[in-house]
Amino acid sequence: MKTFQISTPDQTILESLIFKINDLTKPKGSLGTLEDIATQIGLIQQTLHPELHKPHGIIFAADHGIVDEGVSFSPKEVTRQMISNFLGGGAGINFLARQHNFVLKVVDGGIDYDFPAIDGLISRKVRKGTRNFLYESALTDLEVEQCIEIGAEIVKECHKERCNIICFGEMGIGNTSPSSMWMTCLAGIPLLECVGAGSGLDSRGVMHKYTILKRALDNFKEERNAMNVMRYFGGIEMIMAVGGMLQAAELNMIILVDGFIMTNCVLAASKLYPEVINYCVFGHQGDEAGHKLLLDHLKVKPLLNLGLRLGEGSGAICAYPIVESAVRMINEMNTFSNAAVTKYF
């Protein structure tokens, strides 16, 4: 398996960062979370003058064999249909990317469809959808390694374009099911609390989904480590995001984390390399059942809570202006000494 060199940011600069933020012309701590974000980014970049360059959003797309069991409100063909929508600029993530000047990349990691050559679609298909994990492992060890390497490769390409802040989104009908499996196996949260409505199941549909996933969990007899869980339950787009996150952390990039599915990817990534958490800013708390429990498990605080459950990286990009405000704060606010203002705290 590909290895990564991820370290906890050097804390030597922390005291200077805190001094600078406290010396800005405001009551100490009065800009709250903005001060926390500025401190985190200053540590990541090892500077008192952090910068944001060329923000990128990557959408990894793939299909899931477990959809055959009726665990999703939406049919599988929506995955491939949404590719055209992304590339045509008409999806939710597109208007947000335009609004906040994100470069958007769309990656076919494992859609169960043979696309013709399409301008703008990055083809990195590992296989045409995962196997049905109710009956067998969704992926092989080799396929998992391929997914991690592809995710890392895509991030390296973004970094070469001077990107230093990145978010990951996903498109894969049914992917709240593997996410629920990752959450229960890696966070130890009861499966019933991990299963939600996904793209719109009613209460009866949610209970059917839970029943199917419980059967699959009962069939899983292996050690519940990250590699086994990713291989057995998939999905392709999620594991690519894990690889992308690990590569971004190695490159000292800021990772802006989206909702339920991408938070599960952070969970898996952190089981492989705990240091990755230091590079993550959690964009929002989504409306999918279990997301708050997962955020609490990771002991992280999201920036927004807007009732979002779209995926695609939408919540992460919505949160970007807050991150930008934090960086502007530390760079553009005057200090008490420079402004000749009496330090009043």
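1. Ground rules. Residues are numbered from 1 along each chain as its sequence is written, and side-chain values use heavy atoms, with hydrogens and water left out. In this predicted model, local features need pLDDT of at least 70 and side-chain atom pairs count only at pLDDT 80 or more, while totals for chains, interfaces and linings use all residues.

2. The sheet. Two strands pair if DSSP finds at least two bridges between them.

3. β4 (residues 165-171) and β5 (residues 254-257) run parallel, joined by three bridges. I166 has I255 in β5 as its bridge partner.

4. The helix pair. Helices are H or I runs in DSSP of at least four residues. The axes of α2 (residues 32-45) and α13 (residues 314-332) come within 8 Å and cross at roughly 80 degrees. Axes are lines fitted to C-alpha atoms, for helices over the stretch in contact, with angles from 0 to 180 degrees between N-to-C directions. The two helices α2 and α13 are therefore roughly perpendicular (65 to 115 degrees).

5. A residue at the crossing. L34 sits in helix α2. Beyond its neighbours within four places in sequence, L34 is in contact (heavy atoms within 4.5 Å) with I322, S325, A326 and M329. L34 and A326 lie 292 residues apart in sequence, yet 4.6 Å apart in space, C-alpha to C-alpha.

Methods. Parallel < 35°, antiparallel > 145°, perpendicular 65-115°, else oblique.
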